[in-house]
Amino acid sequence: QVQLVESGGGLVQAGDSLRLSCLASVASGRTFTDYVMGWFRQAPGKEREFVAATSTSGGSTYYADSVKGRFTVSRDNAKNTVYLQMNSLKPEDTAVYYCAARRSSMFVRPTKPNLYDYWGQGTQVTVPS
């Protein structure tokens with residue numbers, strides 16, 4: 001069992017930056033490094049979409065084309081935390097952002113939300129146009 005709590009969302013202007021954090025509480029018998037971590041987002045009236053993911057070690061990452069070059073995903077395994085650094089924010093980045101954990105040692109198909117086992121409650125990011 002993993003509990004995920006996101007933080008760091010807010011209202012910012014276009015071009016600004018935000019850093020989201022996701023703290024994982026992992027049940028006894030597992031460790032944070034057992035989990036691939038992903039970030040997804042969902043805008044009003046739209047389906048949840050993949051944003052970024054990082055492998056268990058943090059050595060591999062993958063991004064949606066829409067955020068590549070602007071967002072950076074990272075993890076601190078000593079702190080059980082995954083981050084999403086978002087730069088040059090645009091109005092189309094407005095959404096609820098969710099972190100997700102997938103128990104897997106392999107970093108394959110990280111874009112598929114149905115392959116993730118645990119989800120946080122989400123944090124709102126708003127970039128007015």
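I began with Phe 40, which is buried, with a relative accessible area of 0%. The model I am reading is predicted.

**Entry: the partner of Phe 40**

I searched the whole structure for aromatic pairs and found six. One of them joins Phe 40 and Tyr 116. I noted 5.2 Å from centre to centre and 80° between the planes. The pair is edge-to-face, because planes over 60 degrees apart count that way.

Where do the two residues lie? Phe 40 is in strand 4, residues 35-42. Tyr 116 is in the loop between strand 9 (95-103) and strand 10 (118-119). They are 76 residues apart, so I logged this as a link between distant parts of the chain.

Is Tyr 116 buried or exposed? I read 5% relative accessibility, so Tyr 116 counts as buried.

**Entry: Phe 50 and Tyr 62**

Next I looked up the pair of Phe 50 and Tyr 62. Phe 50 sits in strand 5 (residues 49-54) and Tyr 62 in strand 6 (residues 61-63). The two are 12 residues apart, and this pair also links distant parts of the chain.

I then checked accessibility. Phe 50 has 10%, so it counts as buried. Tyr 62 has 42%, so it counts as partly exposed.

Which residues do ring pairs link into a cluster? I listed Phe 40, Phe 50, Tyr 62, Tyr 116 and Trp 119.

I also looked for charges over rings. The charged end of Arg 48 sits over the ring of Trp 119, 4.7 Å from its centre. The charged end of Arg 75 sits over the ring of Phe 32, at 4.3 Å from the ring centre.

How values were computed: Residues numbered from 1 in each chain as written. Predicted model: local features only at pLDDT ≥ 70, side-chain atom pairs only at ≥ 80, totals over all residues. Heavy atoms only, no water. Phe/Tyr/Trp six-rings, centres within 6.5 Å; stacked < 30°, edge-to-face > 60°. Helix = DSSP H or I, 4+ residues; strand = E, 2+ residues; numbered from the N terminus. Buried < 20%, exposed > 50% of the residue type's maximum accessible area, 1.4 Å probe, protein only. Lys NZ or Arg CZ within 6 Å of the ring centre and 35° of its normal.
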